[in-house]
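Hi everyone, thanks for making time. I'd like to walk you through one model today, so let me put it up on the screen.

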Amino acid sequence: IGLFQPGAACEALVRFSNARGEVLGDLGKDQRGVAIRVKTKSAQSISPGDVANTQDFLMTNTPISFARNPVQFIEVGEILLGGIGRVIPRLIRKYGFKEARRILGVFLAPIISFKPLQMNSYWSRTSYKFGEHSVRYLIRPMAGTKMLSTGEQLSGVLRSLMQGGEHKDHYLREKLAEALKDADVCFEFCIQLFVDEKRTPIEDAYIEWQESDSPPIEIAQLIIPKQEIDHQLQDEMEHMAFTPWNTKELTPLGLINLARK
């Protein structure tokens, strides 16, 4: 379907990020995200600011959304913009303790929040129309990816904390740069197929599509070639805006995606 053809290769730009809009150190507890812009015509190259013949994919390292509906999606977003120190009391005041705990649980779900970016799986959380199918999509490290144990991760974090300064603030960036100096960083790009509204609901993005109900199907590979980080490109990508509505092949489904538009 579309750019997903056997043997095809398309250029892409990949931006990893923290979830919150504030500028924070990498060791702060937060969700991690990845945004991918693919040039849908394989013979053409891509650069920041180029939106011609492109497809955006947006994912986070939690498989579900914090929001039950588009109103909550916007309300919680506004609360987050008010500063982290006020988030918990404002959530409780708005929704009560039980619902505030559920929302916070989604944000804090990645227990090891300092897991290197290239070792995470990332999910679309919302649903899309893909050919004749309704799907969610995800990327996950390919088999053979070097994975650090919890102890190795903890050791690296403690070393960065002791070094302080930029080593602490840019921990995840440095770990990704180290990985890319050694080898390509490779992910499987997978889709999960809609089964029924109970197990794989379109509207309820806060309900996980379990792999036992809809096993991920690999339809492509994302290969970030071995390289030195291009700091000019990095600065340019800080100003890029990604949206699921920049699409050629996957039509966003559900009211939360409509609210994002």
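Before we look around, one cut-off: I'll call a residue buried when its relative accessible area is under 20%, exposed when that is over 50%, and partly exposed in between. And please keep in mind that this is a predicted model.

Arg-125 has a relative accessible area of 13%, so Arg-125 is buried. You'll find Arg-125 in the loop between β4, residues 122-123, and β5, residues 128-130. What is phi of Arg-125 near? The value is near 70°, which is positive in a residue other than glycine. For background, most residues other than glycine have a negative phi.

Asn-53 sits in the loop between β2 and β3, the latter being residues 54-60. Is Asn-53 buried or partly exposed? With a relative accessible area of 23%, Asn-53 is partly exposed.

Now the overall picture. The protein chain has eight helices and nine strands. A compact globule of 261 residues would have a radius of gyration near 18 Å, and the protein chain has 19 Å, so the two agree. Along the principal axes, the C-alpha atoms fill a box of roughly 50 × 50 × 35 Å. Of the 261 residues, 40% are buried. If we take contacts with a separation of 6 or more, 71% of them are between residues 24 or more positions apart.

The protein chain exposes about 13,800 Å², and 55% of that comes from carbon and sulfur atoms.

Finally, let's zoom in on helix α6. This helix runs over residues 171-182, and from its first C-alpha to its last it reaches 17 Å, close to the 16 Å expected at 1.5 Å a residue. Which residues of α6 are buried? They are Tyr-171, Leu-172, Lys-175, Leu-176, Ala-177 and Leu-180. An α-helix has 3.6 residues a turn, so residues three or four places apart point the same way. As for partners, the buried residues of α6 pack against several elements. Among them are the strands β1 (12-18), β2 (32-39), β7 (185-193) and β8 (217-224). The helices α4 (150-163) and α5 (165-169) are also on that list.

Definitions and conventions. Residues are numbered from 1 along each chain as its sequence is written. This is a predicted model: local features need pLDDT of at least 70, side-chain atom pairs count only at pLDDT 80 or more; totals for chains, interfaces and linings use all residues. Side-chain values use heavy atoms; hydrogens and water are left out. Helices (H or I, at least four residues) and strands (E, at least two) are DSSP runs, numbered from the N terminus. The expected span of a helix is 1.5 Å times one less than its number of residues. Buried means under 20% relative accessible area, exposed over 50%, partly exposed in between (1.4 Å probe, protein chains only). Contact means heavy atoms within 4.5 Å. The radius of gyration is taken over C-alpha atoms; the globule rule is 2.2 Å times the number of residues to the power 0.38. Accessible areas come from the Shrake-Rupley method with a 1.4 Å probe; for residues, only the protein chains shown count as cover.
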